[in-house]
Each structure stands twice: as structure tokens, then as C-alpha cells.
Amino acid sequence: MKQDKTTLGSITHFDFEAKIVVLDEQIEELRALSSAKGIAYATEIRQLQNERVASLKQIYSNLTAWQTVQVARHPQRPLFGDYLELMIKDFHELHGDRCFGDDQAIVTGMGQIARNKVMIIGQSKGRDTKERIARNFGSPNPEGYRKALLKMKFAEKFGLPVVTFIDTPGAYPGIGAEERGQAQAIAVNLAEMSRLKVPIICICIGEGGSGGALGIGVGDRMAMLEFAYYSVISPEGCAAILWRDGSYAAEAAAALKLTAKDLSKLGLIDAIIPEPVGGAHRNIHDTVYNVESYVATTLAQLKRTPLEDLLKKRYQKWRRLGTEFTVHGGDQPTFEQLELPAKPSGTRSEQTTTRM
Amino acid sequence: MPAKIESKTAKSKWNGYSLKPRKEMPDGLWMRCGKCERMLYKSTVRNNLNVCPECNHHFRCDSDVRISTLVDEGSFQEILPDLRSSDPLSFAFRGTTYKKRAEADVKASGQLEALRAGRAFVKGRGVALTVMEPNFLMGSMGAVVGEKFCATVDLAVEASLPLVAVCASGGARMHEGVVSLGQMAKTAAALARFSDLGGLFITVLTHPTAGGVTASFGMLGDVTLAEPEAMIAFAGRRTIAETIRVELPESFQTSEFLLEHGFVDMIVPRSQLRSEIARLIDYCRK
Ligand SMILES: [Zn+2]
């Protein structure tokens, strides 16, 4: 799963990186000059490079929500395949859900992370066009979720901790997916993962697309890469519904509070894993290293926790999710204080009330 | 007596919608059935469990109608009736806000949230019950729905009651972002524990049930019932049509479609829901 620059499309810079493009050009020019004329511009080049790093830092510490979504979808961003190759030792892929097929959008298998034997579950998007199609662009079908669960139950039996890598635009919305019970497959995973008797670490490495992400995203810890996003609906989808116009995706992205920073503030994720200067796509090795150290440290913690405590804490973590955002009456008017019009008697006609 | 205002012998239909200009609906007393297009007395429909007496079409039920048609009269004791969302994201869109939309739907639905919970009797059998309110933000699930649902599961555990959940929901509530997404896992976790403790969970899927609810508590019943011709889905019909660009058959994502593919145990007409639930409880009583 090596990067193939020829098939990556033309995005190398985002429009918000204009300053970097200029600096890159200047550095290139100086380099060309020094090799052509034999003059050493080392100091000038170093100065420009420092300036480049400083502006990258500046740009990336002030990304808007929509820019973050774009970075998370960058075609050169490290994918699950890169983590498999660079981080997992001795990976043995295990295929199939024993019911229907082998969904390529979710890859499962045994391997080692920092000398820990683990079960790895990862959503895989694919690099080139051919692989992307084979992996359905990272959108799993029900058999993907069932395969993941089957391997997790296997891990439970032999005490292997589970590490999941989340990177999906969402569970696939297709006819076959509905026929084979996409909703049921995800629902069962949520219930089973909440009580699986081994530690579970979930890491969102790119796109955390709604129920499709959550279907392998219930565990003891939820971490996100700095410029990954995690959302209940895609910004485009949200804009199409609430703004009635998909082109308001930037506004929707901001409103949805889908960045790692915002989700951390809301207490919905446990850790933000830092990305190298200028985003994960600029330095795959450092990104993988950061994820690996997070997993190693966290695994050590979780393995020290007695199983009973671990499961109790996991249950409490999920049972309490959102409780703090509910209020009894609160500052909002209570039911009695509201002016209620006389309730329309009986029912409305189906034609006027049915949406969806 | 159902009233027939016009003869319906020559129906001209295209794609499920009438091509004839719609007659103005007389205010108040009358309604038109969306399926057979007959004009009906509202009171007749109401006295018939909100089902069309002519074609047996099941109309959507608001939470009041659902509770009154499902449980023994006056037996519903509500918990957490005043629980409301604190608007965790301060969500604003297209010149309005989540709070304003919620206020508007409080007025429209007469309810403070999209789920009502409590205990009740069904044919004399005690149950913990959740019922969704489709007229409050389309019955979508946010923090309050998740919290009330889990509180009802806790109630069922404490009082050793079977749990009955009537679903009618547009899915997860976008306005609460990942807080609402997390409610799927929260409710599933509570149900996993409930199941481990030996509790009986009966889901009733009604029109419409989508996304966030089907992919969590809606599909986790020990027994899954569905009302006839209800739309029950993971992804919305439009989303699928736009993704794969084919025309979808009319039967797609109906209760009957789910039964055929093995995802519901039985389709139960509303008139038999009470007796079916009572029978299931009796069978599972230890
Ligand atoms: Zn009818």
C-alpha cells in the first residue's frame, strides 16, 4: 500500500496554504540557483525553511472546522494500510464474517503493537482507484461490521486487547446493505463492544462518519488524530437538510463541532493525538509514531486495570454520555410556562405530516 | 360510519401520488387517508386506533395517542417529564437556532422532548415503557432521549419489569452532533446490561423509524414487532437513491421488506398490539 503519486489526483496544496506554495517556490528557486551557479544559499534557504515551518504551524493551529474536514480527507493522508505496514508487526489478516462475505472496507487480523499481541480492526479506504473501488471507498456493508464482531469475540476468548482504526465517510447506504441489515449489524456491535471482556482502544485516524464509525467505535478509550473529524452526519448532508443547500457544508461543519478540539471540550473523546507540522499527510512516519506511542501507553494502563473495573468503567463512561447536557426545566421555560395553543383534535392526514 | 365524499372507482395514480388536484380539506372534522384517499371523520379514525377504517392504513401516532391506545386506561406513570436538552453545541443554522426550533416543536407537539418514558400496564401486565413523539424534531434522538431511555431500562431492572419501546424516529438529532451519535452506544450499552440481567425487551417499530434508532435500541429487541407498512430503515430512501442512482421499489424498507429479510419477528396490526405484547410477556415470565 505504497503511495502512488501519479494516481493521487492534483491536490498537493489547499487554498488556505497559499503562503506555503510561495515559500516552496522561493526555496526551489534558491536551490536551483545554488546548483546552477555554484553559490551556496544555505543560510537563505534555512531562513525560508524556518519561515515555512512557522507559517505551517500558524495555519494548522487555526484551521476552521471545514478546513479540518478537508485535511482529514486529503488523498495523501496516512490510511489504515499505512499503519498496518509501519506500525503492526507480524500482521495476520483474518477474513470473512462466516455469513455472507469478506467486506474489504474493514480489515481485521492479529498483530503486535509495541510487543502487545492485539486484534486489529480497521476501516480501509484504499489508495489508488482500483483499491478504492475494491474497498468501497471505506464504506462498510453489514458483513464488515459482522466480521469485526466475529474477530472481536475471538479476541475476547483468548484475552487479546482490541485496537480499532476508524476512517470512513459512513456505513454504506445501498440496497444490499439494507437487505442484509446495516442497522442491525451496527446496533449489535454497539451492544457487544460495550461488554466485550478485553480492553478496547478506538482511534479515529481520518473520517469518523456517523454510525459507520461508531460501529467499531465503542470501547474504553476514544482518541482522535489532531485533524481527524468525527460527526453524526457529513457536513454536506447536514447542510443539505438544515440549510437546504449542500454548499453550506462549511457552515454545517462549524455548527456540528466535529473537530478533535471541540469534541475534547465536550468531553466526548479521551485524547487528541498530535499530528506533525502541517498535518499527517506531510509526515506519515511521525504520525504513525505518535499513534503507536498513544496505543502502547494506553494499552499498558488498560492491561493493568482488573477486568471487572475495566468493564464497570466502560459501562459508566457510555451510560453517562450526554447526561450532563440534560436539564430539568432549567433556564428554559417549563412545559407549564409555555403558551400552548389548543391541541388539534385527532390526527393529521398522512399526506401532510409524513416526511422521510 | 366512515364517510365517503367522492366515488373512488377511477383512481388515477402516479408514483403513489394522485394526479388530481387535491380537494380542499374541510377544516377540523375531516381528514383524507393518504393511502385510499377517502375522506374520513377524524373522530372515527381516532376511535379506530388511528387506523383507516376503509383500507386499514396505519396513521402515524403522536405520543398521547400511542400511549392511550397501548396501555390500560390511566395506568401510565411518567418519569423525567421535564427533562430537556441544554443545547450542548449552541447549534445555530440558517438564521435560526436549535433552541428556537425546539420551542416551536414544543408548541406543535405539546411535548417537551421526543421520548416519553415511564411505567404502565398492558392488559394488566406491568411494563417499563418508552414511546417516541414524532412531532418533536421528527422524534430524533438527542441526549434527553438517550437519558430517558436508559433511565427506563434502569427502572425495568429495579422493578423487574419487561421493557417495551415503541419507536418512531427520524434518527440521530443533528443539532446535538456527536452527543446524539453517542446516545446510540449509550442505549445499546444499557440494553446489553439489561439482557445480561435476564430482562425481556420488546421493540415495536412504527412509521417511520430511521438511522440512529434502528441502528441502536430499535434493532436490539429480544422480540422485534413492526406495524404494517411502516418505513423502517438505516439510510434514508433519498440518500440511497442519490448514492446508487437507481429507482427503488415501493416496498423497499417497509415492515414487510424487513420481515422478508429476517429483521423483524412479526408484523402486528395496531388492533392486536396489546394482546400480542401481553402474550409475549406471559410466555417469557420466569
Ligand atoms: Zn385508507
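Biologist: What is the bridge partner of Thr326(A) in strand 6 of chain B?

Modeller: Ser85(B) is the bridge partner of Thr326(A). Keep in mind that this is a predicted model.

Biologist: And how many bridges join strand 9 of chain A to strand 6 of chain B?

Modeller: There are 3 bridges, between residues 326-328 of chain A and residues 83-85 of chain B, and the two strands run antiparallel.

Biologist: Zooming out, how many residues of each chain are in contact?

Modeller: On chain B, 74 residues are in contact with 64 residues of chain A. Helix 5 of chain B gives the most to the side of chain B that touches chain A, with 17 residues. By class, that side of chain B has 41 nonpolar, 21 polar and 12 charged residues.

Biologist: Which residues does helix 14 of chain A use to meet helix 5 of chain B?

Modeller: Tyr315(A), Trp318(A) and Arg319(A). Across from them, helix 5 of chain B brings Ala185(B), Lys186(B), Ala189(B), Ala190(B) and Arg193(B). The contact of helix 14 of chain A with helix 5 of chain B has 5 nonpolar, no polar and 3 charged residues.

Biologist: At what angle do helix 14 of chain A and helix 5 of chain B pack?

Modeller: About 135°, with the axes 8 Å apart. Helix 14 of chain A and helix 5 of chain B are therefore oblique to each other, since angles over 145 degrees would be needed for roughly antiparallel. Their crossing is left-handed.

Biologist: Which way do strand 9 of chain B and strand 10 of chain B run?

Modeller: Antiparallel, joined by 8 bridges. Gly118(B), for example, has Leu129(B) as its bridge partner in strand 10 of chain B. The hairpin of these two strands has 2 residues between the strands, and Lys123(B) takes a positive phi near 50° there.

Biologist: In what sense does strand 10 of chain B pair with strand 11 of chain B?

Modeller: In the parallel sense, over 4 bridges. In strand 11 of chain B, Leu129(B) has Val164(B) as its bridge partner.

Biologist: Last one, chain A overall. How many helices and strands does chain A have?

Modeller: Chain A has 15 helices and 9 strands. Of its 356 residues, 45% are buried. Among contacts in chain A between residues at least 6 apart in sequence, 70% join residues at least 24 apart.

Note on methods. Residues numbered from 1 in each chain as written. Chains lettered and ligands numbered in written order. Predicted model: local features only at pLDDT ≥ 70, side-chain atom pairs only at ≥ 80, totals over all residues. Axes fitted to C-alpha atoms, helices over the stretch in contact; angles between N-to-C directions. Parallel < 35°, antiparallel > 145°, perpendicular 65-115°, else oblique. Left-handed = near helix turned anticlockwise from the far one by under 90°. Contact = placed C-beta atoms within 7 Å. Nonpolar A, V, L, I, M, F, W, Y, C, P; charged D, E, K, R; others polar. Buried ≥ 20, exposed ≤ 12 C-beta atoms within 10 Å, placed from the backbone. Pairing = 2+ DSSP bridges.
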